[in-house]
Structures are given as C-alpha cells and as structure tokens.
Amino acid sequence: MKTAILKTNLWDDDAFYELNIDTKLLYLLLMSAPERGVSDVYSVSDRILSVRSGLNEQQLRVCKKQLEEKELVMFNGKYIWL
C-alpha cells in the first residue's frame, strides 16, 4: 500500500472553495493519486487523469488552468507539482 500525506487544511483554504466542482475533483484526485506516494512531484498522463476523473479533454484543460491560476498545482507535460 502506498502512502501520501494529505493536508486537511485545504478545507480551510479560500482558494479551494473558489474552485468549480470539476476542479475540486481533479485536485483531490491529484492529491491522492497512487503515482504520488509521499512526493509532491510525480508523473501521470492526461489520459489517466481523464479516465480516473471522468473529465473529458476540454474539462481537464479548464481545470488544470484554474489550479495553476490559484497556484495550487503546476503542470509541465506529464509532471505535476503540488
């Protein structure tokens, strides 16, 4: 079993509450993805994110942009920085 540290203070973060529901789903998925482990940097493809979240390519693009604008996550190709 892999372990990840999930910061529960996100429930007190105004930036989290400003996200739309799809973006919140993606953020929680990114925080708990099995690829993550205990690192804040990991690699996962958009295809996998789409399958796991149920978001299509356009929705995924919008959500990723919103996460970057709120400075919650940074994306570079397949790499994710939390």
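Val 41 is partly exposed, with a relative accessible area of 36%; the term covers values between buried (under 20%) and exposed (over 50%), found with a 1.4 Å probe and protein chains only. The structure is a predicted model, in which local features need a pLDDT of at least 70, side-chain atom pairs count only at pLDDT 80 or more, and totals for chains, interfaces and linings use all residues. Residues are numbered from 1 along each chain as its sequence is written, and side-chain values use heavy atoms, with hydrogens and water left out.

**The sheet and its surface patch**

Val 41 belongs to strand S1, which covers residues 41-43. Strands (E, at least two residues) and helices (H or I, at least four residues) are DSSP runs, numbered from the N terminus. S1 is part of an open sheet of three strands, with the order S1-S3-S2 and antiparallel pairing. The edge strands are S1 and S2 (74-76), each of which pairs on one side only. Two strands are said to pair if DSSP finds at least two bridges between them. On average, and with direction ignored, neighbouring strands of this sheet are turned by 20 degrees against each other. For such angles, axes are lines fitted to C-alpha atoms (for helices over the stretch in contact), and the angles run from 0 to 180 degrees between N-to-C directions.

S1 and strand S3 (residues 79-81) run antiparallel and are joined by three bridges. Within this pairing, Ser 43 stands opposite Tyr 79 in S3. Trp 81 also lies in S3 and, at 33% relative accessibility, counts as partly exposed.

Which residues make the nonpolar surface patch? Val 41, Met 74, Tyr 79 and Trp 81 form this patch of about 400 Å². Patches are made of residues with over 30% relative accessible area and no salt bridge; nonpolar side chains (Val, Leu, Ile, Met, Phe, Trp, Tyr) are joined within 5 Å, and like charges within 9 Å. Accessible areas come from the Shrake-Rupley method with a 1.4 Å probe, and for residues only the protein chains shown count as cover.

**Salt bridges**

Side chains of opposite charge can pair when their charged atoms come close. A salt bridge is defined as a side-chain nitrogen of Lys or Arg within 4 Å of a carboxyl oxygen of Asp or Glu. The structure holds six salt bridges, and the table lists some of them.

| Salt bridge | N to O distance |
|---|---|
| Lys 70 and Glu 18 | 2.5 Å |
| Asp 40 and Arg 36 | 2.9 Å |
| Asp 46 and Lys 64 | 2.7 Å |

The side chains of Lys 70 and Glu 18 meet in a salt bridge. Lys 70 lies in the loop between H4 and S2, and Glu 18 in the loop between helix H1 (14-17) and H2, so the pair ties together parts that are 52 residues apart in sequence. Both members count as partly exposed: Lys 70 at 31% relative accessibility and Glu 18 at 48%.

Asp 46 forms a salt bridge with Lys 64. This pair links distant parts of the chain, with Asp 46 in helix H3 (residues 46-53) and Lys 64 in helix H4, 18 residues apart. Asp 46 is partly exposed at 37% relative accessibility, whereas Lys 64 is buried at 12%.

Arg 36 is placed in the loop between helix H2 (21-32) and S1. Is Arg 36 buried or exposed? Arg 36 is buried, because its relative accessible area is 4%.

**Residues separated along the chain**

Arg 36 and Trp 81 are 45 residues apart along the chain, and their C-alpha atoms are separated by 9.9 Å. Met 31, found in helix H2, is buried at 7% relative accessibility. From C-alpha to C-alpha, Met 31 and Val 73 are 9.7 Å apart in space, and they are 42 residues apart in sequence.

**A backbone feature in a loop**

Most residues other than glycine have a negative phi. Glu 71 has a positive phi of about 55 degrees although it is not a glycine. Glu 71 lies in the loop between helix H4 (57-69) and S2, and at 74% relative accessibility this residue counts as exposed.
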